[in-house]
Each structure stands twice: as C-alpha cells, then as structure tokens.
Amino acid sequence: MKKKFIAVSVLICALALGSTTLTSCVDDNESASVTAIRDAKAKQLTALAGYYDAQALYQQANANYQQALADEKNQQTAQDAEQWSYELEKIKKDYEEQIASFEQQIANYKKQLAENMKDYQAQLFTNYEDAADKVNTINGEIANNLYLIAKLENGVASAKAAIAELNYTDELTIAENKAKIEAYKQMSGSSLSDLKSELAELETQLKEVNLKDSEADRKLADAEEAFKQEVTPIKGYNATGASADATLATALAIDSLRNNGYFCNKHLKTTGQNLPATYLDNVTLYAEGAEKLGTTFAAKASLTKYSLKASAVTNAANLIAAEVYEAEKALGKTDDAATGTSLYAQYNAKGEAVKTAQTTYDNALKGTDNAAIEAARKALENAKYQQQLFAESTLADGIETVNDAKELQILFTNVQKAFTGDTYKAYETAITTALAGENAKAMVAAQQEINSLAVTSAQLTASKGALEQLIGNLDGTIDDLDVDALILACEEEIANAERDIANREYDANNIINDPQNPAIGLTIDDAIAMLEADNEQLKVELVAAEARLSAAKAALDAEFGSASSEVPETPAEGEETPAE
C-alpha cells in the first residue's frame, strides 16, 4: 500500500474520531511489522553503504600503491640500492596491511548484508561482488608487476654493489700480472747491472709506498674517530647493545625499544611480555662510495636508520590499552558499592565493617558488661586494622598497577612521537648530514688512497719478482727461464680474472634467479618488457571489468533504492506478519 493511500486512511480515521491518535485505524501488530521491515531494510542499506565504502577504500589503496611505486622509482637514482630496496619493501608492506584491513571490513559488511536478503537480491549482490573482485584482482596484478619491475631495476644496482669487493681481488690480480708482463718485456735481455739497478729503484719505490700507506692508515683512523664522535648523538645503542650517549629524541627512543632498553623492561614489568627490537625496521645507509671499498670499511662508514613497524606498534598499543582497562576495572572507583568485587568495593566493604564495629562498641559502652565492651573494642580495632592493611597492601598494589600501566601507555605514546614529524626529520637529517659530512668524506678518501696504494704496491711487488727471476737467470741461480711461457701464464691469469669480472657483471645485469618472479631465467630487459606488456593487456581487461562493475552496482542500487523509497504494504487480514 503506497504512502499516499496510508495518509488518506489515517486522515479519515482521525476526523471521524476527533482524535490525533492512529491506533483505532491501524492495527498495532501491523504497524510493528512495517517498522520491523523498515528497520531491516535500513540495516541493509547501512551495511551496503559500508560495503561500498570499504570497496572504494580497497581500490584507492591499490591506486595509491601503484602511484607510490611510480614515485619511488623516480627517486631510485638519488638513493643507494639498499635504501631504495628498503623503501620499496616498506611501501609494499604498508599496502598489504591496508588491503588486509579493507578485506576484513568487506567481509563484515557482507555478513551483515546476508541477513534478511531475498534470493533475487542475493543474486544481484553476488553479481556486484564478483565484478568488484575482478577489478581488485586486476589492479592487484598490475601493482604486483610494477613492484617486480622496480625490484628488477633495483637488483642491478644492488648486485653491482655486492660484487664490487669480489672484483677488487681480481683487479689486483690483473694489475700484478700486467706489471710482470711489462717487466718481462722491457727488462728481458738487459744486463745484470741494469737489472740490479732497476731492482734497487723498485725497492725504493716500495718503501715510499709503504710510508704513504702508513700515513693513509693514520688519516683513516683519525677520520674514523672523528666520525664516531660526530654520530654519537644519532646512535641509540652501540654494537654490544649497551646505551650510548645519544641525545636525539628518536635515538633515545630507539635505545628504549631495544633489548634491555627502558621501555622493554617497563613493558615486561607491567604486561609480563618481553617485546624486544621487533618494534623496529632498519636500513643501513652508507657514505657516498663507501660500499664500493669493501664490506669491512663500509660498515664503519655507515649508519643504521630505524623506523617503527606499524603492525608491532598496533599490537603493543592494543596490549597496553588492555592492561590499562583491566587494571582500572580491577581497581574500580572510590565510590564503588561495598557489595561489588573491585578493590575499592572491597575496601569500602571493610569500611562498612568498621562502621558496624564502631556502632557495636558504642552500644557496648552504654552498658556495664566489661567483657562485652572489651570484645567490641577488639572487634573494632581488628576491623580498622583489616581496612588499613588492605589499603596499604592489596589496594596500594592495585593503584600501582594502574599507574604503571598508564605510565607505560604515556611512555609508548611519547616513543611513537619520536618517530614522527619534526623530531624524526631531525633524526633523518642528522644521519644524512653525517654521511655527507667532512669526516665521512675523509674516511672514504683515506680508504680510497689505501686501496690505490695497495694496487701500486702489488704492481711494484710483481715487477720486483719478475726482475728477481731475470737476475737469477743471469747469475745462474735459476736455470732455463722461459720468459715467453711466463708472459703466457700472466696473460692466462689476466684472462681468468677478467672473465670472472665479466661473469659477475652479466649475472648482475641479466639473469633472474628469484623463483617468486614469473620472469625467472630471462634477462632483466626481457623480463621488464614482458611485465610491461602484461600490464598493458591488464589495463584493457580493467576497462571491461570496471564497466561490468558499474552495471552491477547500478542494478543493486536500483533494487535497494526503489525498495527503500516505499513503505511496505500492510499485510491483509489473515496474512502472516513478516518476520524481522
């Protein structure tokens, strides 16, 4: 029955009876059934709106993820491989956590919608859900391809950094053997006196190189000490885990969050749970050029940057909030009724016992029974003692438990603040400034000089060895020296070393060994091309999927929209009242 018809019926009844009440015209049971159906439909519409919102957030998270990957790719050239990889994984992790949350919301609203839904409405909803899932799946595949492309591109830089130290040994081998070949070719056929003269010159040069190397070692040691002092405010802990003299708020928070740090110890005392460094993500950042000078040196010219793990922080915050709630619930309020179970209720019950004992004692004093008076006095003293004892022990412990839980909550809030806003920017800036500063540059320059002198020393030592062979051949200490064979052996050493370097470069640039990557076994260029082509095809499929989703949503809106615009017909007499 339409609204208009109901309104006319109501008006006639009201005029006929001279009353504004509607109860004489509309049966109470019928009115209740209409209200029940309205309420059920209102719940459905609310759930549907929530479902739409959750789907929209899901799709927006996908769009944000794709944009974040694109933005991060633009920053790749300005970051070292490890930091870029860290940022990439952090973006992926944040996206996955958001998606998991939205999927849970979608499931919850779907459950609500399933209640009171008719068969044909359920089919419309299924059509919409299938279309939405298809759109989300395609967007997820596009995002995953973008992520894989980014990893491939970053893998080249990361692999090159990893093989730099391996190549250094081969480069020394090449330098040594080239020096030998040059000595064999230039000095072969020289007189014994010329060879000895050249040998003496080489030994002099070696002494000079050794002196320069000692000076470079001193420069490096001085620069390392200066760098260490400079970064003291940044480091929240040292290699042994003990607290350093950190001054930056974020560094202090890092120290507090680590094993045996103040927050972790406080957390253990308050909640009974030990949560060590699981709160922290980290990435190692290097001074420019440091990672190419060997892992031992790179570790010295680096700083570890920390950030909070979102999931761990949420879990800890929930755990602490639960501890506060339970502690406050157990303590209760000062005015809790004596019949309750909270600590304050128990304290108040003991107070009531004191009042009762006081009344008994006062009444006893009015009489002459000394035994009764003494018994009442002792009962009063005992009641007061029990209340005082409870206050000083059980109640005091309960208050302390609440205070400890609240203190931990405040502490954790402050710790989190140290990883946000200007405070965290100051920490990041301090790291960047130190790694780009004069002390870090001096360290890198000193190590570069040391490495260069090592090459020179290897060349001079190799030349010296070649001359000693030639001299031995002339003075009879070495028989039948085959210079051509020696040169050939040196050339083979060089070829082997160059091949090793080339193989590493090829592996770094071309072969994909990641079993999780669908492009395994391809060259990086071919893999990227394959993934990009796949995304182009997915974008075509996405257009069609979004069109189906739009049509399915329109059908669903039309059904629930028309249903919600009318008041359900009042059941005819004798019909069964619709259930809620």
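Guide: This is a predicted model. Start with a pair of helices: the axes of H5 and helix H13 (residues 438–475) come within 8 Å of each other and cross at roughly 160°.

Visitor: Why is H5 called roughly antiparallel to H13?

Guide: Angles over 145 degrees count as roughly antiparallel. The crossing is at roughly 160°, so H5 is roughly antiparallel to H13.

Visitor: What is the hand of the crossing of H5 and H13?

Guide: That crossing is left-handed. By class, 22 nonpolar, seven polar and twelve charged residues make up the contact of H5 with H13.

Visitor: How do you know that the span of helix H5 agrees with its number of residues?

Guide: H5 runs over residues 192–230, which is 39 residues. At 1.5 Å a residue, taken times one less than the number of residues, the helix should span 57 Å. Its end C-alpha atoms are 56 Å apart, so the two values agree.

Visitor: What makes Leu-195 and Phe-227 of H5 count as buried?

Guide: Buried means under 20% relative accessible area. Leu-195 and Phe-227 are among the buried residues of H5, which also include Leu-206, Val-209 and Ala-216, so each of them falls under 20%.

Visitor: Why is helix H10 called roughly antiparallel to helix H11?

Guide: The axes of H10 (residues 343–365) and H11 (residues 370–417) come within 8 Å and cross at roughly 165°. The cut-off is over 145 degrees, so H10 is roughly antiparallel to H11. This crossing is left-handed, and the contact has 19 nonpolar, eight polar and three charged residues.

Conventions:
Residues numbered from 1 in each chain as written. Predicted model: local features only at pLDDT ≥ 70, side-chain atom pairs only at ≥ 80, totals over all residues. Heavy atoms only, no water. Helix = DSSP H or I, 4+ residues; strand = E, 2+ residues; numbered from the N terminus. Buried < 20%, exposed > 50% of the residue type's maximum accessible area, 1.4 Å probe, protein only. Axes fitted to C-alpha atoms, helices over the stretch in contact; angles between N-to-C directions. Parallel < 35°, antiparallel > 145°, perpendicular 65-115°, else oblique. Left-handed = near helix turned anticlockwise from the far one by under 90°. Nonpolar A, V, L, I, M, F, W, Y, C, P; charged D, E, K, R; others polar.
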